[in-house]
Amino acid sequence: MSEALTKFFITFLSLLILIVGVQLTVFVQKSPAQTALDRRVEKFLNENRTKWHDWNVPYEDGRVLYHLIIKNNYKRALEIGTSTGHSAIWMAWALSKTGGKLITIEIDESRYRIALENFKKAGVEEWIEARLADAHSLVKELKGPFDFVFSDADKDWYTQYFKDVDPKLAVGGCFTAHNVANAFGGIKDFLDYVKNLPNYQTTIDRSSSAGISISYKKSN
Ligand SMILES: C[S@@+](CC[C@H](N)C(=O)[O-])C[C@H]1O[C@@H](n2cnc3c(N)ncnc32)[C@H](O)[C@@H]1O
């Protein structure tokens with residue numbers, strides 16, 4: 001190889017490394033607002049890690065929901081069963097990064113009010129539309145579309161929730177459901193139903209003993 005050609009390659013490679021380096025720095029850097037939010041949510045979640053007592057998901061399962069939303073860049077999320085807001089905070093935190101929003105539904109007024117306070121304390125209220133309603137009717141009424149659904153209310157209604165949401169769930173989106181590790185009653189019926197659908201791929205995450213089913217929609 002001639003000296004000129006070697007010089008050309010060295011210059012070209014150096015430039016390439018420089019450009020990739022700059023791009024990566026820009027990509028990895030967070031805005032000051034996002035950094036402040038991250039600190040606030042993390043602090044809230046860590047301080048309350050062992051304090052939830054309203055059938056809330058364990059910390060590990062909140063983290064699973066968070067990563068699912070980030071990994072797939074989901075933006076239009078629905079939660080059925082807010083309780084006092086643990087899982088909603090994890091999901092809203094993820095949605096603050098993808099530019100999305102969560103609708104969450106709770107039937108019990110006192111838990112709904114505590115959830116609203118928790119959303120403010122964690123700093124994620126901007127990404128949550130909390131609805132005090134019976135999900136049996138509201139899930140049917142909501143227009144969607146959604147790309148992420150977390151079902152965590154009355155287990156006997158899981159299959160019906162799924163059937164109501166399915167037409168509003170985007171291809172590539174997923175329907176997740178909590179407490180599926182010990183499949184009995186409504187949960188067993190739900191798992192049997194969803195696992196037999198050819199256009200869904202269902203797996204179970206066992207990060208906690210409760211278990212989360214994750215059903216990806218492959219096609220309509
Ligand atoms: C297991 S807890 C949800 C925990 C919550 N996802 C968390 O991790 O913080 C189930 C909640 O669903 C609510 N629920 C049950 N049936 C409901 C219905 N038909 N509509 C709306 N909420 C309902 C209950 O009141 C309860 O607060």
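Of the 220 residues of the protein chain in this predicted model, 36% count as buried. The C-alpha atoms occupy a box of roughly 75 × 40 × 35 Å along the principal axes. Eight helices and seven strands make up the secondary structure of the chain. Among contacts between residues at least 6 apart in sequence, 72% join residues at least 24 apart.

The chain is divided into two domains, with domain 1 covering residues 1–30 and domain 2 covering residues 32–217. A distance of 43 Å separates the C-alpha centres of domain 1 and domain 2.

The largest nonpolar core comprises 51 residues. Within this core, the residues with the most contacts are Ile69, Ala77, Ile89, Met91, Ala92, Leu102 and Val124. Helix α4 provides the largest share of the core, eight residues. In general terms, nonpolar side chains in soluble globular proteins tend to be buried together. The surroundings of alanine 77 can be described in detail: when residues up to four places away in sequence are not counted, alanine 77 touches Ile69, Met91, Leu95, Gly100, Leu102, Phe146 and Phe148.

Strand pairing was examined next. Strand β6 (residues 200–205) and strand β7 (residues 212–217) run antiparallel and are joined by six bridges.

The ligand is surrounded by 21 residues, and the closest are Trp55, Asn56, Gly81, Ser83 and Ala135. By residue class, the shell around the ligand divides into six nonpolar, nine polar and six charged residues. Elements that each supply at least two residues of this shell are α4, β2 (101–106) and α6.

Several backbone features are located in loops. Serine 83, one of the residues closest to the ligand, has a phi near 50°, a positive value in a residue other than glycine. Serine 83 is situated in the loop between β1 (76–80) and α4 (86–98). This residue is classed as buried because 24 other C-beta atoms lie within 10 Å, against a cut-off of 20 or more. A positive phi also occurs at asparagine 179, where the angle is about 65° although the residue is not a glycine. Asparagine 179 belongs to the loop between β5 (169–178) and α8 (185–195). With 20 other C-beta atoms within 10 Å, asparagine 179 is likewise buried; the count meets the cut-off of 20 or more. A cis peptide bond runs from glycine 144 to proline 145, with omega near -5°. Proline 145 lies in the loop between α6 (135–141) and β4 (146–151).

Asparagine 72 is placed in helix α3 (residues 59–72). It counts as partly exposed because it has 16 C-beta neighbours inside 10 Å, a number between the limits of 12 or fewer for exposed residues and 20 or more for buried ones. Asparagine 72 and glycine 123 are 51 residues apart in sequence, and their C-alpha atoms are 23 Å apart in space. Glutamate 117 is found in helix α5 (residues 109–122). Glutamate 117 counts as exposed because it has 12 C-beta neighbours inside 10 Å, which falls under the criterion of 12 or fewer. Glutamate 117 and leucine 68 are 49 residues apart in sequence, with a C-alpha to C-alpha distance of 25 Å.

Note on methods: Residues numbered from 1 in each chain as written. Predicted model: local features only at pLDDT ≥ 70, side-chain atom pairs only at ≥ 80, totals over all residues. Helix = DSSP H or I, 4+ residues; strand = E, 2+ residues; numbered from the N terminus. Contact = placed C-beta atoms within 7 Å. Pairing = 2+ DSSP bridges. Domains from an automatic or database assignment. Near = placed C-beta within 6 Å. Nonpolar A, V, L, I, M, F, W, Y, C, P; charged D, E, K, R; others polar. Core = buried A, V, L, I, M, F, W, Y, C linked by C-beta atoms within 7 Å.
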